[in-house]
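Take a moment with the sequence and the model below. Then read on for a short tour.

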Amino acid sequence: MEVPAPAPLPTPGVSPAPVPQPVPTGQPVRVSQGTPLPTPRVSPAPRPLPGTSGALPAPKVLAPTPRADVPPARVESPVAPAAPEGLVETPLPQEAVQAPGKPSEPPAPETPSKGPLQALVEERGLRLSGTLLGPVSVAILETKDGYLVLPVGSPLPGSEAVVRRIEGDRVVLALKDETLEIPLLDAQGGGGQ
């Protein structure tokens, strides 16, 4: 029995040489001048499908037709602007300036149609004495009974009237839909800002 020779161990960093492969054997082909080369074998052309006789049918051209019903467009009627209801206009204090040359007269009595807020202010004798503006602004109101110190959004004691806005020289009170602006008593005498 023969023992095969051990395979040589590969050395690091060196790749082994490729092992030669035997060339397949067959009939040798000899070519000489004037001898035609053998023609390769080609598979025959594919056969047409049964019933088509080799031609495809003509394509059908389809025209798209909408199938969804489109509702008619609605035209909305234009909305006419209207003044908000419930606003009460009161004259600003600057409009009450007397015309030059006229002696000071008491103002003519107003029409008896005073709003409930105006009646409340007159009944209590409310006048703005000062303001303090800040993160929570405060109004100092003088009444017949003393002084009130009220922050924005608080109601007048004993009524539904609310302090809506406080500015440096005026305060705006609100009662339901009515608003009333009360100016500062004496612009030079205080009204902290």
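**A tour of the chain**

Buried residues make up 17% of the 193 residues in the protein chain; buried means under 20% relative accessible area, exposed over 50%, and partly exposed in between (1.4 Å probe, protein chains only). This is a predicted model, in which local features need pLDDT of at least 70, side-chain atom pairs count only at pLDDT 80 or more, and totals for chains, interfaces and linings use all residues. Residues are numbered from 1 along each chain as its sequence is written, and side-chain values use heavy atoms, with hydrogens and water left out.

Helices (H or I, at least four residues) and strands (E, at least two) are DSSP runs, numbered from the N terminus. Along the sequence, the pattern is α-β-β-β-β-β-β.

Start with strand β1, residues 127–132, which holds Thr131. Thr131 is buried, at 4% relative accessible area. Its side chain reaches the backbone oxygen of Gly168 at 3.1 Å.

Now look for salt bridges. Each one is a side-chain nitrogen of Lys or Arg within 4 Å of a carboxyl oxygen of Asp or Glu. The count is five. Arg165, Glu167, Asp169, Arg170 and Glu181 are linked in a network of them. Glu167 meets Arg165 at 2.8 Å, N to O. Glu167 is partly exposed at 26%, and Arg165 is partly exposed at 39%.

Arg170 has two partners to find. Asp169 forms a salt bridge with Arg170, with the closest N and O atoms 3.4 Å apart. Glu181 forms one with Arg170 at 2.9 Å. Glu181 lies in strand β6 (residues 178–183) and Arg170 in strand β5 (residues 170–175), so this pair ties together parts 11 residues apart in sequence.

Key: A polar contact is a pair of N or O atoms within 3.5 Å; within protein, one must be able to donate a hydrogen and the other to accept it, and residues adjacent in sequence count only if both atoms are side-chain atoms.
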